Amino acid sequence: MRLYRGAVAIALMVIGCSAVTVIGGGSAEAADKVDRTVLPIQEPKRPTYSELDVRNVTAPPHFEVRAPEGAPNVLVVIVDDLGFAGTSTFGGPVGTPTFDRIAREGLYYNNFHTTAVCSPTRAALKSGRNHHVNNMGSIIETGTAFPGNTGQIPNDVAPLPEMLRLNGYSTGAFGKWHELAAWEASVSGPFDRWPTHQGFDKFYGFLGGETNQWAPFVYDGTHAVELPADPNYHFLTDMTDQAVAWIKYQKALTPQKPFFVYYAPGATHAPHHVPKEWIGRWKGKFDQGWDRMRQEILARQIERGIVPKGTTLAPKPQAIPDWNSLSEDEKKLFARQAEVFAGFVEMTDHEIGRLIEGIGETGQLDNTLILLIYGDNGTSAEGGRNGMFSEMTYFNGVQEQVSDMLKHLDQWGGPETYPHMAAGWAVAFDTPYQWTKQMGSDFGGTKVGMAVRWPRGIKSKGELRTQFSHVIDVAPTILDAAGLPEPKTVNGTPQRPMDGVSMAYSFDNGKAKERHTTQYFEMFGNRAIYQDGWLARTIHRAPWEPKPRRPLAEDIWELYDTQSDFSLAHDLSAQHPKKLEEMKALFMREAEKNYALPIDDRLFERIIPALVNRPDLMAGRTSLTLADGMTGMTENIFLNIKNRSNTITAEVNMPERTTAHGIVIAQGGRFGGWALYVKDGVPAYDYNFLGMQRFTVSSKETLKPGRSTIRFEFAYDGGGLGKGGTGTLYVNDRKVGEGRIERTQPMIFSADETADVGIDLASPVVETIGSEGKSRFTGKVHRVTIEVQPMKAADAHEEETARTEVAHKKILSD
C-alpha cells in the first residue's frame with residue numbers, strides 16, 4: 001500500500017510539472033500577451049467541465065507570474081544622514097572601500113539629489129514621485145490635514161516594491177522605515193502603510209526615525225522581536241545577517257526568481273553607536289578641526305575630478321565657530337565626537353560590503369543591479385554647537401556642558417550614551433557646500449554620493465556621471481533595467497505617473513544630454529527650483545534657528561549657475577533679475593502641481609496633533625487599561641503622564657513557590673523613563689531622570705503568592721514643568737512605601753523606546769532588573785490601569801509652550 005501511494009504521488013508530481021506554464025518567463029509569444037500595466041496581472045478565466053472522470057480531462061496550464069527573462073536582482077542601499085563628502089570616493093576623510101569598489105566597478109554620480117530630510121526622501125525614492133505627492137512634505141511625526149503633508153502615502157502612489165512583487169520579484173526591506181503615520185504604528189493599525197503592505201514580503205527593522213543601535217525596538221513583519229542576550233549585540237550587524245540569510249534562503253529555493261532588497265541602516269543618524277574597535281583607529285585624525293578638514297576635502301575632490309578645478313568653498317554658516325577660536329576642552333570633545341562618527345561611517349560601509357559578499361556567494365552578483373546612495377540628505381547639524389552626550393537631555397531642556405560631556409569621553413558611542421556631534425563636522429562632511437541636512441534649498445542638504453554597478457547591464461567602469469538626477473529617478477531606472485513598464489493601475493487604483501526619469505540613458509554614455517531638467521525643492525519653507533543648470537533658491541530658516549528669518553512672501557531669493565559654480569558660492573541674482581523672476585514663477589507652478597502649496601513653515605505647532613488636525617489615539621483620554629503581553633507602545637500612542645499627577649494600578653497573580661520578580665509596566669529606557677516592578681519579591685517604583693538621576697519608592701515587604709493589587713500614586717507638586725512630587729506605593733490598599741521624586745522629564749522619555757507590560761523591551765529603565773528576557777515578570781499581569789489627573793491651568797499653558805519648543809527640536813533631529 002505504501003508503494004502504491006508513493007507511485008501515485010510521483011505520478012501526480014510528473015503530471016503537475018508537465019502542465020506548468022508561466023506568465024512572463026516563457027516564450028516571447030507568451031510574454032507579449034501579458035499586460036503588465038495593470039497590476040496584479042489578471043489570472044485567466046477558470047474553465048468548467050462536464051466530464052465525470054478526471055482521467056479523461058487534461059488540466060489547464062498552471063498560472064504563475066514571473067519577471068521578464070533576465071531581469072536583474074536589485075539592491076538599493078540608502079545610508080542615513082551622510083553628506084556629499086561622506087565617502088572616500090568623494091574626497092571624504094573616512095575610508096569607504098565598499099562604496100569605492102562599486103564606483104570603481106561601475107559608475108558614480110556627483111549630481112544626485114535627495115529631498116534634504118528622511119521620510120520625504122525615502123517615500124520619493126520608493127515611489128518615483130515627488131515627496132509632497134507622497135504626502136511626505138516633512139517627517140511623519142509632523143503630518144497635518146493638508147494634502148501633501150498628511151504623512152499618509154496615497155493609494156495612487158504605489159511603491160516600486162509592490163510593482164516588482166506583482167511582476168514576479170521576491171522583496172525584502174531591512175533597517176529603517178520612517179514612512180508610517182505616527183498614529184498608525186500600533187497593533188490597531190491600519191497596516192496599509194506598514195512595510196509588508198507596501199510591497200515587501202519581508203521586513204526586519206524599526207519603524208521610526210532613529211534607534212538605539214545597541215538596544216533597538218525591532219519588528220519582523222508586524223511582530224516585535226525580542227533581542228538576544230548578547231552583550232555585543234549591534235543592530236547594524238543583526239540587520240545585515242538577516243538580509244544575507246533571507247537572500248540566500250530565497251535563492252536556495254527559487255534561484256530563477258529575482259529579488260529586490262531595500263537595505264536602509266539607521267546609520268549614520270544619531271545616536272552614533274559603534275563598537276570601540278571601530279572608533280580606536282580614528283584617534284587623533286580629526287585634531288586639525290573642521291575648517292582645515294574642509295580645505296583638505298576640497299583639495300581631494302578637485303584632484304579626483306569630483307568637482308571642477310577652480311571650485312571654491314562656499315562660506316561657512318556664521319553660527320559655526322572657527323576651530324581656532326575653541327577652547328582646548330572643546331577641541332578635545334569635538335575631535336572625539338568626529339572619531340566616533342568616522343567609526344560609524346566605516347562600520348556601516350563594512351556591513352554593506354558583507355551584504356554584497358553574501359549576494360556574491362549565491363553566484364548572481366553580475367546580474368544584480370546595485371545602487372548605493374550614501375545619504376538620505378546631507379550630514380546632520382542637529383547636534384548643535386557642542387554636540388550632546390544624550391539627545392534626551394536636549395529634548396527636555398537640560399543643557400549639557402562641555403565639562404560634563406568630557407567625563408564620558410571614553411564611553412562616547414557605547415551603550416551608556418545616546419550621542420550626536422557638533423554641527424561644525426556636518427558642514428565639513430557636506431563640503432564644498434555651505435549648509436547641511438534640512439536645507440532643501442542648498443546642495444549641502446540635498447546632494448549625496450551615489451554609485452551604481454550592474455556588470456550584465458552596464459559596460460562602462462569607473463566613470464563619473466555629472467547629469468542632474470534625484471531620488472525620484474531610482475524607481476523608473478529599476479523598472480527600465482527589469483524590462484517592466486510603469487503600471488497605470490495597481491490593486492484597482494489608477495496611478496499618478498512617476499515624476500522621475502530613468503538614469504539608464506547615462507549608463508554607457510557619459511556625455512548624454514541631461515533628461516531630468518527641472519526639479520523643485522521645499523523643506524520647512526526653504527525652497528529652490530532647478531532647471532537646465534540654473535538654481536534659484538531662498539534660505540527661509542537655518543536648522544538651528546528657532547523661527548523663520550522673515551515671512552514667506554518676503555524671502556530673499558538667490559540665483560546660481562550650477563554649471564560654472566559647483567559649490568553655489570556666487571549669487572547671480574543681481575546680474576540676471578529677469579531669469580530669477582522666471583525661476584520663481586516656475587517654482588510656484590511646480591509646487592502647485594506637486595501639492596507643495598500652501599507652504600507650511602510652522603515648526604512648533606506641527607508636533608501637537610490638535611493644532612494641525614492630525615489624528616491622536618489618546619486625544620481626550622484620561623485612562624488606559626492594559627494587560628500582560630501588550631508591548632511596543634511608543635509615546636505617540638500612549639497616555640501622557642508628564643507634568644501631572646497620575647496613578648498606576650496593577651492586578652497581578654503570583655504562583656505558589658515562585659519569587660515575584662520583573663517588570664509589571666515600564667515606559668522609556670536607559671535615558672529616561674519609569675517602571676513599576678518587583679525585585680526579588682519586593683514591589684517598587686523607579687523614576688529614571690534622563691539616566692542622570694534615579695528615584696526609587698520601594699516596599700519593605702515581599703509580595704505574597706496569589707492575587708495582589710499594586711498601586712502607585714504620584715502627587716505632582718505643580719508650579720511648572722518637570723517638577724517633582726511625592727510617590728506612594730500600596731499593596732492591596734495598604735501603604736507600603738513613600739518617597740520623593742525630585743525631578744521629572746517634562747517633554748519626552750525617548751525617541752524610540754516603548755511602554756511595555758510584563759517586560760521591558762530595548763534598553764532598561766531599571767538597570768538592576770535589566771531588559772528583554774531578563775526583565776520578564778515571573779507572575780501574571782492581569783490588568784494595569786494608568787490614570788492621569790487634569791493639569792493645573794498654568795502648568796497646561798506652560799506645557800503647550802514647551803511642547804512647541806521641543807517640537808522644533810524634534811523636527812531638527814529627525
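Q: Leaving aside its neighbours within four places in sequence, which residues is phenylalanine 777 in contact with?
A: A friendly note to start: this is a predicted model. Phenylalanine 777 is found in the loop between β28 (755-757) and β29 (780-788). Once neighbours within four places in sequence are set aside, its contacts are Val652, Met654, His661, Gly662, Ile663, Val664, Val678 and Gly758.

Q: Is phenylalanine 777 buried or exposed?
A: The relative accessibility of phenylalanine 777 is 6%. Buried means under 20% relative accessible area, so phenylalanine 777 counts as buried.

Q: How many Å apart in space are phenylalanine 777 and histidine 661, C-alpha to C-alpha?
A: Histidine 661 is among the residues in contact with phenylalanine 777. In sequence the two are 116 residues apart. In space, C-alpha to C-alpha, phenylalanine 777 and histidine 661 are separated by 5.6 Å.

Q: Are the rings of tyrosine 685 and phenylalanine 712 stacked or edge-to-face?
A: A pair of aromatic rings is described by the distance of the centres and the angle of the planes. For tyrosine 685 and phenylalanine 712, the centres are 3.7 Å apart and the planes lie at 5°. Planes under 30 degrees apart count as stacked, so this pair is stacked.

Q: What sits over the ring of phenylalanine 566?
A: Phe566 is part of one aromatic cluster, together with Phe84, Phe90, Phe99, Tyr108, Tyr374, Tyr433 and Phe443. At 4.1 Å from the centre of the phenylalanine 566 ring lies the charged end of lysine 447.

Q: Are helices α6 and α9 roughly parallel or roughly antiparallel to each other?
A: The axes of α6 (residues 235-253) and α9 (residues 328-360) come within 9 Å and cross at roughly 10°. Angles under 35 degrees count as roughly parallel, and therefore α6 and α9 are roughly parallel.

Q: How do the residues of the contact of α6 with α9 divide into nonpolar, polar and charged?
A: On the α6 side, the residues that meet α9 include Leu236, Val244 and Ile247. On the α9 side, Phe344, Met347 and Arg354 are among them. The contact divides into 8 nonpolar, 4 polar and 4 charged.

Definitions and conventions:
Residues numbered from 1 in each chain as written. Predicted model: local features only at pLDDT ≥ 70, side-chain atom pairs only at ≥ 80, totals over all residues. Heavy atoms only, no water. Helix = DSSP H or I, 4+ residues; strand = E, 2+ residues; numbered from the N terminus. Buried < 20%, exposed > 50% of the residue type's maximum accessible area, 1.4 Å probe, protein only. Contact = heavy atoms within 4.5 Å. Phe/Tyr/Trp six-rings, centres within 6.5 Å; stacked < 30°, edge-to-face > 60°. Lys NZ or Arg CZ within 6 Å of the ring centre and 35° of its normal. Axes fitted to C-alpha atoms, helices over the stretch in contact; angles between N-to-C directions. Parallel < 35°, antiparallel > 145°, perpendicular 65-115°, else oblique. Nonpolar A, V, L, I, M, F, W, Y, C, P; charged D, E, K, R; others polar.
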